[in-house]
Amino acid sequence: MFVDLKNEEIQKESSRRLFLWTGLGAIAAVAVSSRAHADDGLDAGGLTFRDFATPDNGASFNRTDPMIPGGPEPAPAKLVAIDTANGLARVYFSTVRVEASLPLGWQATEDGERGVGFSTDRKTRVLIWRVDFAFEGVRDADHYAATKMGAIKSRTPGLRTEARKLADGTVLIVYENAPPSRGDNGPRTVFDVVVSKPGNPKEGVLMTLGLPSADTDRGLKLLALMKSKIVIAW
């Protein structure tokens with residue numbers, strides 16, 4: 001992929017390292033709001049995957065991308081199904097044991113630790129990881145969100161952050177005015193969705209969606225669509 005995933009990559013960094021960088025004061029200053037709105041504030045607003053798709057009957061998911069280097073990593077994600085009527089493809093990231101829905105026209109790859117989906121122009125990218133909260137040095141998803149928000153904000157001038165727990169227990173984090181990575185043309189917005197394993201708050205899945213700041217509103221709607229379709233094999 002010709003873009004550098006640096007800004008989206010910061011969502012993966014170990015919270016133990018973040019703790020060292022920020023100190024307790026910065027972390028304590030960030031709290032995860034427990035306010036639950038009726039619609040969670042995460043709603044597609046009537047949009048569907050068709051509004052983000054290129055109608056190519058799923059051809060992009062079978063295309064070899066010359067911008068992806070050869071070798072064992074990254075590799076194309078498994079294509080599960082094409083749903084032309086709804087403008088989406090279902091792909092399975094075996095590394096993280098997650099099945100995700102992506103708009104037609106996108107591509108999907110995975111390496112040894114994450115799944116990656118990206119739009120035709122590479123401006124919009126989604127990354128999916130498994131998270132071991134105990135390994136990261138935090139108690140649960142709430143603590144993970146607060147720790148990471150404080151850490152990243154402390155070393156990124158001008159970054160705005162907010163986190164909120166949704167009605168289903170998922171934590172939504174928003175990073176606004178994130179600096180562009182190589183290949184990007186301006187500031188970006190990054191969304192984190194942190195999902196805890198049912199019955200085991202020590203494990204979870206992190207889905208990160210990054211896109212140009214100008215597309216923030218549409219990106220939030222796309223995030224709502226992706227979240228509604230994600231299937232996690234716990």
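How many residues does the hairpin use to join β5 to β6? Keep that one in mind; Exercise 1 gets to it.

Some ground rules come before the work. This is a predicted model, where local features need pLDDT of at least 70, side-chain atom pairs count only at pLDDT 80 or more, and totals for chains, interfaces and linings use all residues. Residues are numbered from 1 along each chain as its sequence is written, and side-chain values use heavy atoms, with hydrogens and water left out.

**Exercise 1. Work out the surroundings of strand β5 (residues 107–110).**

Step 1: the hairpin. β5 is joined to β6 through four residues. Strands here are DSSP runs of E with at least two residues, and helices are runs of H or I with at least four, numbered from the N terminus.

Step 2: the partners. Strands count as paired if DSSP finds at least two bridges between them. β5 and β6 (residues 115–118) pair in the antiparallel sense over four bridges, and glutamate 110 stands opposite glycine 115. β1 (residues 75–76) also pairs with β5 in the antiparallel sense, over two bridges; there, alanine 75 has glutamate 110 as its bridge partner.

Step 3: the faces. Gln107 and Thr109 on one side, and Ala108 and Glu110 on the other, are all buried, so both faces of β5 are covered (buried means under 20% relative accessible area, with a 1.4 Å probe and protein chains only).

**Exercise 2. Say why β3 is largely enclosed, then trace its pairings.**

Step 1: burial. Five of the six residues of β3 are buried, so the rest of the structure largely encloses this strand.

Step 2: towards β2. β2 and β3 (residues 88–93) pair in the antiparallel sense over five bridges. Isoleucine 82 has alanine 89 as its bridge partner, and alanine 81 has arginine 90. Four residues lie between the two strands in their hairpin, and glycine 87 in the turn has a positive phi of about 70 degrees.

Step 3: towards β4. Six bridges join β3 to β4, running antiparallel, and alanine 89 stands opposite leucine 102. This hairpin also has four residues between its strands, with arginine 97 in the turn at a positive phi of about 55 degrees.

Key. Buried < 20%, exposed > 50% of the residue type's maximum accessible area, 1.4 Å probe, protein only.
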